[in-house]
Amino acid sequence: MNEAAIPRTQDDAEVGAPRSLSGDAWHDLRRNPVFWIASAIVLLMVLMAAFPWLFSSIDARTADCSLADSLRRPSAQHWFGFDKQGCDVYARVIYGARSSVLVGVFSTLIAGFVALLIGTLAGFYGRWIDALLARVVDVFLGIPMLLGAIVVAKALSGQDLGIWPVVLALGLLGWPTPARVIRSSVIAASHQDYVNAARLLGADNRRIMLRHILPNALAPTVVVLTIMLGAFIAVEATLSFLGVGPRNTISWGVDIAEAQRWIREASYPLMFPAGFLTATVLAFIMLGDAVREAFDPRLR
Amino acid sequence: MARFILRRLFHAVLTFVGATLIVYALMFSIASDPLQALAGERPLSESQRAQLTAQYRLDEPFLVQYGYYMKGLLTGDMGRTITGRPIADVLAEAWPRTIRLAVIAMGIVIVFGVIGGVFAGLRRGGAFDQTSLALTLVVIGTPVFVLGTVFQTVFAVELGWFRPSFAPELGLATYVLPAIVLGMLSLATTMRLTRTSVVENLRADYVRTANAKGLTWRRVVSVHVLRNSLIPVLTFLGTEFGALMSGAMVTEGIFNIPGVGGRLFQGIRLEDGPLVVTIVSLLILIYLVVNLIVDLLYAVLDPRIRHE
């Protein structure tokens, strides 16, 4: 860092003082435009999911669509035009964010919790526990995510459970990858000198795990879970597209599937939800990537 | 090496049994009354019920039923679809189409993914590298069904370069657009992986040595860098072939290709339990066999793996 010698702003003046790894990472992140763009899209999608009425005066859940408007072109009042049923595409796209975001968040929470439990146990205790859990991880990795999710979602689709069958399916099939990441960072952290020092000072397993090992496994876990959140949203939309997604909710995947049938007549009912879906998935992947880069000392 | 192979085989069998057991248990739990489903609207008498229960071994414990099912699956007796057609016939007709689609997709991935990745890696930070990094990220973030429907709209419906759905009279040409869609995600990942691998190897000590010996740039790249860079790419491509088979479901569904994936797509829509569970189990089997081969191949190519 050559410019560091000439302190210009308050920020540059701090360079001389040693920073922690997370301080370093934050310093890098703040300068990364990708991080800001991705965060802005994520924030926007979360706002859309929580308060859709802020964005659209038409409530897509109760709107009465008139077939007279079927496939009408976009106009100043109706930016994205109308779909085959004569519903306003803009309102449906806004109200479709909720099921995607909720499925993404809840399945990531489930997958993250299972991964943390299994990854830490396998990494910390090692030996036969590790060998046994490795086989369990293999079994779950052997089921391709989409195929497994179809079967689980279908198995639970008898009752009207809203988004939960899909959440459960994604959570239960998604944990092996983050579990492997957590396991390897726990193993790496537990060979550090400060862990030996803590043990010599008489700290018990629980304290070592919570105070010394898990904080070090946190960054890679957050990265892999952020990227998984994006992947979960993509799979949820794919399931809706295939007709096994959440029922009775407005969803981008269902709208894309519906629009595909009338594609020869009008393409915008397909392009708008597809664009929003891609932007959301991409935002989570870019966010994860940016954080990973910031925390990876090899790239400095 | 023999011990390594044996251990990997053992693990693969365990994984297969575990994974199919989970899928089977879930499908088993869906069907509330399979006999009534079989009979449709007609009422079933007690004696018919008893006879069918014995015929389909529904009175046996769950694990025994699973055993019979697996025995049938591995010996080619896969049961019938809900409309009564033998599943083996359906699959025999569908496989060649899916294999053609997957092979063409794989060809596209290898040609464009590997060559593009090498090119980007050799000129790291250049215009091509920057553009391809951004484009591949967009592709990775786009779900396959979005890519499929958008490509179908743009290139087939609007521009008219391809047919929007399967046209057997066109021969292999009809597979091109679906294969591009199917291979796109693998292409992007392969390109990024190849690029990273080339960039890392360019910094390796043996490249510095080769340069110091006075070898030409061309020789350093083609003999030293490429050979070492392509080992991880090769194994990745192997596992991707299995993934392409299952990704074919969405692509074949969109383009109406009556391959294995297209049948699975229909099976889900028509709630055809036996067909879905059979195809899913077979896809898992293929995925595991391919992974096993790739693992063994990796051990042959990279001696560090087998001496762990």
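At what angle do helix 11 and helix 12 of chain B pack? Keep that in mind as you open the model, which is predicted.

**Stop one: two helices of chain B.** Select residues 260-269 of chain B for helix 11, then residues 273-301 of chain B for helix 12. The angle between them is about 140 degrees, and their axes lie 9 Å apart. Their crossing is left-handed.

Now show the side chains. From helix 11 of chain B, the contact uses B:Val260, B:Arg263, B:Leu264, B:Gly267 and B:Ile268. Helix 12 of chain B answers with B:Leu275, B:Val276 and B:Ile279. Colour these residues by type: six are nonpolar, one is polar and one is charged.

An α-helix has 3.6 residues a turn, so residues three or four places apart point the same way.

**Stop two: a bent helix.** Select residues 176-202 of chain B, which form helix 8. Centre the view on B:Gly183. Helix 8 of chain B has a kink of about 45 degrees there. Then bring back the surroundings. This helix is largely enclosed by the rest of the structure, because 21 of its 27 residues are buried.

**Stop three: where the chains meet.** Show both chains. Chain A brings 34 residues to the contact, and chain B brings 36 residues. On chain A, select helix 5 (127-141), helix 6 (145-155), helix 10 (205-242), helix 11 (252-261) and helix 12 (268-295). Each supplies at least two residues of the side that touches chain B. Which helix of chain A gives the largest share? Helix 12 of chain A does, with eight residues. Finish by colouring this side of chain A: 23 residues are nonpolar, seven polar and four charged.

How values were computed. Residues numbered from 1 in each chain as written. Chains lettered and ligands numbered in written order. Predicted model: local features only at pLDDT ≥ 70, side-chain atom pairs only at ≥ 80, totals over all residues. Contact = placed C-beta atoms within 7 Å. Helix = DSSP H or I, 4+ residues; strand = E, 2+ residues; numbered from the N terminus. Nonpolar A, V, L, I, M, F, W, Y, C, P; charged D, E, K, R; others polar. Axes fitted to C-alpha atoms, helices over the stretch in contact; angles between N-to-C directions. Left-handed = near helix turned anticlockwise from the far one by under 90°. Bend = angle between axes of the 7 residues up to and from the residue. Buried ≥ 20, exposed ≤ 12 C-beta atoms within 10 Å, placed from the backbone.
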